[in-house]
Amino acid sequence: TRSLLSVFEEDTASVSSYYHQLFQAMQRIYDAQNELSAATHLTSKLLKEYEKQRFPLGGDDEVMSSTLQQFAKVIDELSSCHAVLSTQLADAMMFPITQFKERDLKEILTLKEVFQISSDDHDTAIHRYSRLSKKKENEKVKSEVMEDVYTSRKKQHQTMMHYFSAMNTLQYKKKIALLEPLLGYMQAQISFFKLGSENLTQQWEDFLTNIGTSVQNVRREMDSEVDIMQQTIQDLEQASDLLYMPDPDPNKIPINRNLTRKAGYLNIRNKTGLVSSTWDRQYFFTQGGNLMSQSRGDVAGGLVMDIDNCSVMAVDCEDRRFCFQISSFDGKKVAILQAESRKDCEEWIATINNISKRIYLSENPEETAARVNQSALEAVTPSPSFQQRHESFRPSTQGRPRAGRTSSQSSAGSESPALSSLSLDSLVAPDTPIQFDIISPVSEEYATQAKSSSQGRRTNPFGESGESQSGDSEESILHQLYIVRFLGSMEVKATESVDVIYETMRQILAARAIHNIFRMTESHLLVTCDCLKLIDPQTQVTRLRFPLSSVVLCASHQENKRLFGFVLQTAGGRVDGRPVTVCYIFESNNDGEKICDSVGLAKQIALHSEMDRKASQKQRELDKAKEKQQEELNKQKQIEKDLEEQSRLIAASSRPNPPSADGQFLVLSNSQSEDSDAGEDGRKKGESEA
């Protein structure tokens, strides 16, 4: 828009320079005509006074006097014609171009100055709005700054529309301002010479009539275009009223998460020292798989970073809101940006996430992105049957009055109605130590993993953190990543009710308030169908890993929905062999109930996977049994064949032996008899076994 505006402004400057020169030329014509009229009138006056002159040598010359009187009369009439011509030139030639120069061109310059002032006011208001603090006591200042942004943005938009309308109208007015003075000049000249050149006047009148008709048509077209632009300005003012607010309501202006291209102004953080940094406002836009930026006044944009296979997430900056962080594929380049509103921030995150998946390379990127996002939404949205089947993973609010709910600000002695019937000692043992920080052993495996991830393939926080973790994450069909802050953990006794999570929340928050512990360790909670992982956001190293089968309870706080916790039960953790049950409490940027739903969904998927595995194992056992049975049948058939063969041999051996040629008989030896007896016994034994 600003590039096109610069073209219009350059055209306006050229028009202003040209018409200034044209005005000077016409001013010289008008001045010359006035001078000619005055000179003619002076000539007529001098001719009339000739007869009153007393020349020493001339004497009285009546012929000369009468002749000069006729000349004076004609010249006086000609002077009157020149005076009329001067008046016509002033009205028909000088007035239109003077009005164009003094009114229209000055109006453009005035609107340009007003537009520049409104743009500067808008930039100042945006700068103040960007530096708003996140503290609640600044609500009055926040309201004033937001009202200032609304007023300056509306003023800039209205001034911009009127400025653009005036420049569009200038394209018509410059034609009129060029044709009307020429038309007036020619008509005045024709009227001046009409007394002596009727034929020439008739020829020019036809031509000038056509020109006058064209001027009228252009004027009518200009009036129609002005009416259309005025109506468009009114429609845009009505439709853009919501866009003047810096942080619009997402319910009125929905968030589009299916974008694969986006452009707009963002603030980028630049470090100026070890602990100091500055924020620069630049125009950012995506181009394929690259993020580009362009400062005001630059001809073209420059490359910020490659966002193919990058990771993007919302971050919590100390002095700014609506910030998000982009990390490159190899993790060597990180950019922290700030959007104007929550809607703009989420749309930038969704757009960069879609580009990192290379959705923009498909034939229909927006449709593909919508399908991917819908699949992800269905993956984290629990079904009614799932909610009924896993009520133990969600806090039950039925039968709990709101006044009796446990909150993070409740005192140590307050109890909810549900806890009144259940002793607190049965939930959490007294004097149980609380762990406020994540303590994970830094083994050589993690060190090697961090080193390899920094030198080789980039660690993806969505479960692809290297080959060492591919065994339990690549095959998982559910990957949900949440930004959480660890509040604390402590050992608990009961695992039958979600009240143990509420009581643990109360004790941990009370202990933090008593001991003034405000530091919290931020991590990425990755929910898969196999386990829950706490990942370091900087090094992408897994801090803790909780098997999903060990998670027995998960619930969010009843009033502060950002608090949630889960109970982990591990077998054989004590010396006596009893299971160890620990409750972990976290604070999230998202709704804790959604995280609990994701954990429950993961357990449901794991349950179905286990059922499918057992069914397939049972089917394999059945197949093995069938194969074994078939082998037994084949053995029985072989035994039957052997028995038949032995029976045939026995029958053949029991026949009388024929006499030999020398008259002697063949006599079976003892060994042959024994073999026959053994064959008979084997046949009987085989029949009995069969």
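For sorting linings by class, I count Ala, Val, Leu, Ile, Met, Phe, Trp, Tyr, Cys and Pro as nonpolar, Asp, Glu, Lys and Arg as charged, and the others, Gly among them, as polar. This is a predicted model, where local features need pLDDT of at least 70 and side-chain atom pairs count only at pLDDT 80 or more, while totals for chains, interfaces and linings use all residues. Residues are numbered from 1 along each chain as its sequence is written, and side-chain values use heavy atoms, with hydrogens and water left out.

Entry: The lining has 40 residues, and the closest to the pocket centre are Arg-2, Gln-156, Tyr-265, Arg-281 and Tyr-283. Elements giving two or more residues to this lining include helix 1 (2–48), helix 3 (139–193) and strand 2 (277–287); helices (H or I, at least four residues) and strands (E, at least two) are DSSP runs numbered from the N terminus. By class, the lining of the second largest pocket holds 14 nonpolar, 13 polar and 13 charged residues.

**Entry: cavity.** Next I searched for cavities, sets of points where a 1.4 Å probe fits but cannot get out. The whole structure gave me one of 30 Å³ or more. The largest cavity holds about 40 Å³. Tyr-265 and Arg-281 are among its lining residues, and strand 1 gives the largest share, three residues.

Entry: Which order do the seven strands of the open sheet take? I read 4-3-2-1-7-6-5, with antiparallel pairing; strands pair if DSSP finds at least two bridges between them. Strand 4 (302–306) and strand 5 (311–315) are at the edges with a single partner strand each, so one side of each has no neighbour in the sheet. Strand 5 joins strand 6 (residues 323–327) over five bridges, and Val-315 has Cys-323 as its bridge partner.

**Entry: hairpin.** Last, I checked strand 11 (residues 531–535) and strand 12 (residues 542–547), antiparallel and joined by five bridges. Lys-533 stands opposite Arg-545. Six residues lie between these strands, and Gln-540 takes a positive phi near 60 degrees in this hairpin.

Technical notes. On a 1 Å grid over the protein atoms alone, a cavity is a set of points where a 1.4 Å probe fits but cannot get out, and a pocket is an open set with protein on both sides within 12 Å along at least five of seven lines; lining residues have an atom within 4 Å of a point. Grid points are joined across faces, edges and corners, and a volume is the space filled by probe spheres set on the points.
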